[in-house]
Amino acid sequence: MQHEAQNEILDEILASSSLEELQTVKTKYLGKNGLVTSQLKEMGKLSPEERKAKGAEINALKTSLEGAVEARKEVLEQAALEAKLHSEAIDVTLPALHFPVGGLHIISRILADLEGMFGRLGYRTVLGQEVEDDLHNFDALNIPWFHPARDLWDTFWMTDGRLLRTHTSPMQIRYMLEHTAPLRITVPGKVYRYEATDATHESMFHQLEGLLVGDNIRMSDLKGTIAEIARGLFGPSTKVRFQPSYYPFVEPGADFSVWWENPRGESKWLELGGCGMVHPSVFRAVDDLREALGKPRTYEGKTGFAFGLGAERIAMLKYGIPDIRYFYQNDLKVLGQFRGELETLSILEAL
Ligand code: PHE
């Protein structure tokens, strides 16, 4: 083969810009039907002397072309690798992607904390229903329809005569209808009041009801329980105060407050909820209802206490939140400050 022709082929190899192109060139000259192979085939027609010279020439060409293809292949492979590395490079100086993480609403957290604390005192969490009736929300709680105390709870009435529960106390009745003493329950959940909203009033808020029934239960048991929870919420040296108050379903009844101090030196008593010893009329109403359902009367002579805590109140005190309306405006700048870990407590089902 001519020297020139060989150089041309070498140029062609060098000019191939991708591995595919190189393969095409290789096939064209070195493949089964390639130029070199067909020249080798042609040799049969030559005389032995000619064949010897020609054979050496073709073999030299073949070796030289194969070497050039290999060298080019290495170069192209290296380039391909570099291109790949370049395209997959990570620039660690770029700002990271932002993945917002959800969390528990502050009220869910307060209720979950309370569930944990009462759980350790042996209380069981049960859930009531938000749509209630007169009987459970009022009558059986010693608040007959003509009683002026009904005005203590401004009620959302539904057109069918039912209502949105004004407190979690109806669950006291529902639970005692199904269970006998001794019993210890807490009931977290939403309650509704038909009232104008302002910094301390919302038409929906959360309560945690407590009820304990047994034998020889005393006011001191109630005070000890409330004090324990207040200290769990606000710290071991929290002072708690009980003041006489009126709720038709307890006697005696009380409101309880904690002594609140802030870093600026302000301090005052702040009310957390109501409580008292279960009124005998409530036990009687439960027994009457049980009897009507064909169940034995079992609450006569029992004693117990009940209490109701306001979850929003606790959160406002604990974190210095000045306005109850912040909780449900769903401004993430506000709520995000109180984001808690996700927990799987049964109260979460209710929220
Ligand atoms: N249910 C009362 C309320 O919402 C609070 C309370 C509960 C008071 C239990 C005494 C005992 O106002």
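Modeller: A crossing counts as left-handed if the near helix is turned anticlockwise from the far one by less than a right angle, and as right-handed if it is turned clockwise. Helices (DSSP runs of H or I, at least four residues) and strands (runs of E, at least two) are numbered from the N terminus. This is a predicted model, in which local features need pLDDT of at least 70 and side-chain atom pairs count only at pLDDT 80 or more, while totals for chains, interfaces and linings use all residues. Residues are numbered from 1 along each chain as its sequence is written, and side-chain values use heavy atoms, with hydrogens and water left out.

Biologist: Which hand does the crossing of α5 and α8 have?

Modeller: The crossing of α5 and α8 is right-handed. Their axes, which are lines fitted to C-alpha atoms over the stretch in contact, with angles from 0 to 180 degrees between N-to-C directions, lie 11 Å apart at an angle of about 135°. Angles under 35 degrees count as roughly parallel, over 145 as roughly antiparallel, 65 to 115 as roughly perpendicular and the rest as oblique, and α5 and α8 are therefore oblique to each other. Where they meet, Leu114, Met117 and Phe118 of α5 are in contact (heavy atoms within 4.5 Å) with residues of α8, namely Thr225, Ile229, Gly232 and Leu233.

Biologist: At what angle do the axes of α7 and α9 cross?

Modeller: The axes of α7 and α9 cross at roughly 50° and come within 9 Å, which makes α7 oblique to α9. Here too the hand can be read, for α7 passes α9 in a right-handed crossing. On the α7 side the contact is made by Ile173, Met176, Leu177 and Glu178, and on the α9 side by Val282, Phe283, Val286, Leu289 and Arg290.

Biologist: Which residues of α9 are buried?

Modeller: Buried means under 20% relative accessible area, exposed means over 50%, and partly exposed is in between, with a 1.4 Å probe and protein chains only. In α9, which covers residues 280-292, the buried residues are Ser281, Val282, Phe283, Ala285, Val286, Asp287, Leu289 and Arg290. Packed against the buried residues of α9 are α6 (134-137), α7 (170-178), β5 (204-214), β8 (267-278) and β9 (303-310). Leaving out residues up to four places away in sequence, Ala140 touches Leu135, Ile173, Val282, Ala285 and Leu289.

Biologist: Which residues touch the most other members of the largest nonpolar core?

Modeller: A nonpolar core is a set of buried Ala, Val, Leu, Ile, Met, Phe, Trp, Tyr and Cys residues joined through side-chain atoms within 4.5 Å. The largest one here has 37 residues, and Ile106, Leu114, Phe118, Phe305, Phe307, Leu309 and Phe327 touch the most other members. At least two residues of this core come from each of α5, β5, α8, β7, β8, β9 and α10, and α5 supplies the largest share, with 7 residues. Apart from this core lies another, of 30 residues, with Ile143, Leu163, Tyr247 and Leu289 among them.

Biologist: I would also like to read the backbone; where does Asn216 lie?

Modeller: Most residues other than glycine have a negative phi, and most peptide bonds are trans. Asn216 lies in the loop between β5 and α8, and although it is not a glycine, Asn216 has a positive phi of about 55°. With a relative accessible area of 67%, Asn216 is exposed. Asn330, in the loop between α10 and α11, also has a positive phi, near 55°, and Asn330 is exposed, at a relative accessible area of 53%.

Definitions and conventions:
The expected span of a helix is 1.5 Å times one less than its number of residues.
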